[in-house]
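Open the model in your viewer and follow along. Each stop tells you what to select.

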Amino acid sequence: MPQNRPEMEKIWDLIADYRRMDSEGLIHSMAHHLEFSQCKNRYTAEDFDVYRSLATSLRDRLVEFWNDTQQTYHLNPIRQVYYLSLEYLIGRSLRNNLINLGIYEECREALRLIGYELDEIEEMEVDAGLGNGGLGRLASCFLDSMATLQLPAHAYGIRYEFGIFEQIIERGEQKETPDNWLSQGYPWEIPRWEVLYPVQFYGYVQSRWDDEGREWRQWVGGESVLAMAYDVPISGFQNRTVNNLRLWSARAPRAFDFQIFNRGDYMQAVEEKQRSETISKVLYPNDQGFSGKELRLKQQYFFVSASLQDIIRRFKAHHSDFSTFHQWVAIQLNDTHPSIAVPELMRLLVDEEGLEWFEAWEVVVQVFGYTNHTVLPEALERWSSSMLGHLLPRHLEIIHEINRRFIQKVRISHPGDEDLVKRVSLVEDGPDPQIRMPYLSIIGSHAVNGVAALHTKLLKDTVFRDFYKLFPERFFNKTNGITPRLWLMQANPELAELISSRIGHDWEKNLEELRGLEPFQEDKTFRKEWRELKQLKKQQLIRWLEKKNGYFLNPDSMFDVQIKRIHEYKRQLLNLLYTVYLYNKLRRDQDFKPEPRTVILAGKAAPGYFTAKLIIKLAHDIAEVINKDPLTSARLQLVFVENYGVTVAEKLIPATDLSQHISTAGTEASGTGNMKFSLNGALILGTLDGANIEILEEVGEKNLFVFGMDSEAVQRLRSEGYQPSGFLETNPELEEVLKMIESGFFNPKHPELYRELCNGLREHDHYMLLADFESYCEVQEKVIEARKDPEEWTRKSIMNTAGSGKFSSDRTIREYAQEIWNVEAMPTELHGHKIQT
């Protein structure tokens, strides 16, 4: 532990001026970093050097608050929460940190004084490649809210060298290239060279006996890698709290074997380093083969093991009695990926700290909470016993013991019900028994939550029905939320300013205050300003897309947007079917003249997901035809924006008029994209799925467009034996659309390309696009009619923003803190810089 030296106080006095928050202080800091960090001067500095100098200057200010925050937690031993997530979709951090520090305008002024524009400097920053989709973006929103609410919270993940991939569209097809987001460094991170933990793999388990004759199981042999910490400061909104995101990077215990090198085997000399560092190389490796699956399990255990070792180190700084561990520590598992933490904590408590099994298990259950994010069977993770036992032999033993004791209790509470035993067992029988990781998370946690009211209901009624009957007190709903700092103040500062001009600034910390906008829907001047602002955001998007993709969009058209991961259940294909239907209608009826429409799609398909990639290709083929048709191009346009991510979303969402969230009812856990669009005044067109239902309740039924079957109707139709052909027989326009696609109308050079895709709809249509198509067309007609009255549409738009208060991640995190974690706010105190890392 570093010693407190009074003479060090002189240093902090000397740099007080350096940390000033005004424009002059920022210029002073940037000049310092430009010369001494970037090794540049006024003659050699380029735009990127200015960005790096600015980011590092802001990090200096964050670190001051970070030190105070961490020292506050260290000196005030209270229960703290630790958030485990395999991904964080952070996006860009520059503007977010400026807003949270409260110096956005000061920074803009500082840059102008030295001849730069903040908007241009912001474009120098790349999105952090730490996440994929909604799961990672939600985790990032939660981090923002934990810091804003001043909760004593720490987060853990992996510092991936490469993100999932960069999407490049070539001839309409998705191609993947490495997302080398760290190629020019990451100015926000702080390497912790001294924070290293060994993580063990493989080996075997042996018994040993103590002096009292007690048997202990010991995991020995195998190989190990080192987990090195990189810290990223997470700022709260204007409150001096800066929490920590700790990311683990894999390092080899021995980077170079000099003896092997001297023998001339140069490749083998560095083989261990390469094999070890592969663990944190890439987000979500392709796990279709054995080696990919093993690497993915390695990633999960790697970050869980390092994180638990770090948590235990923090615990030991103040406590020694591990029977009280749960009184000071709450750990949240963000989906099933970190579920190996349950047997790992058992191993640490029993094998390393000497607790009896029963006592350790009671502690484990009280420590963990588990958030489930899906009801799709393919996303409910399982690992083969053979692979898990090979990689983590002691953990497989512990899982079997957990299961044995659990099954024993089930047999006592439900005698004779062996079907129930089989259904809830952690081990699924088969030639290579499978370990059901979600079940392990449920059994090993005191709280299990879904992420929207419907999702939680489906968990209780279907996927985890048996566990809900066994543990009804463990199940909660925590409807997801989004941070308004990013999705309104950062993404749409003009709208944020307009809102504050009418209702003040309290909404920035309490989004429910947006209800104060409701009376202004009747203010004609306000509605005019609202429409003008929407048009401004459209113009900004048009300029950006023209520069990025060469697209030329009609600014007077309705922007109809669907942006999300490409997946069959999200039904981008349904959107395309309607686009072709609308195209045919425009061609056939020259008197049909609805408002011009620009359909905007964006999203990535998993590299091995053939159907999703085919849908992307189809979108481009349809666009190629309709965008060049002189009969329709002035009224209908289709574009696909490549390489969708947080920054792209920030551009698209504020400019959107109509936002589509059209998943088959009962398949989307929550969705947070719908919340972001609604907050920015877009109207939602969607099914009764996920959080759409709760948005409808908040903004009012007349202020969005609902279509399709609800989840109960979907299940009923499926149980009765769904026949897609019946819907085609009664809908000749839909039949015509399918024939155009499968006959090669949109791709004459490869007429057979979409035949299998269309056959899948005709014969199976698992996500019931054809069943919902007629209702979808009907609600689209309502959209067309509603757009004829701009004043009424504006009222609906205002009401969407006004009704978004519930969907703040601040509300969600406050509920977690009160009902699951049992943690309280701890405002940051000023402690100088005596810090424990």
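This is a predicted model: local features need pLDDT of at least 70, side-chain atom pairs count only at pLDDT 80 or more; totals for chains, interfaces and linings use all residues.

Residues are numbered from 1 along each chain as its sequence is written, and side-chain values use heavy atoms, without hydrogens and water.

**Helix 22**

Select residues 493-503, helix 22. Helices are DSSP runs of H or I, at least four residues, numbered from the N terminus. Leu-495, Ala-496, Leu-498, Ile-499 and Ser-500 are buried here (under 20% relative accessible area; exposed is over 50%, partly exposed in between; 1.4 Å probe, protein chains only). Now show what covers them: the cover includes helix 21 (484-490), helix 23 (524-548), helix 27 (673-679) and helix 34 (790-802). Step on to Gly-504, which follows helix 22 and has a positive phi, near 85°.

**Aromatic rings**

Rings of Phe, Tyr and Trp (its six-membered ring) pair if their centres lie within 6.5 Å; planes under 30 degrees apart are stacked, over 60 edge-to-face, the rest tilted. That rule gives 30 aromatic pairs. Select Phe-48 and Tyr-51: their centres are 5.6 Å apart and their planes at 50°, so this pair is tilted. Phe-48 is partly exposed at 22%; Tyr-51 is buried at 4%.

Next, pick Phe-406, Tyr-439, Phe-464, Phe-467 and Phe-471, which form one aromatic cluster.

**Charges over rings**

Select Arg-214: it lies over the face of Trp-216, 3.8 Å from the ring centre. The rule wants NZ of Lys or CZ of Arg within 6 Å of the ring centre and within 35 degrees of the ring normal. Finish at Arg-787, over the face of Trp-793 at 4.6 Å from the ring centre.

Note on methods:
Helices (H or I, at least four residues) and strands (E, at least two) are DSSP runs, numbered from the N terminus. Contact means heavy atoms within 4.5 Å.
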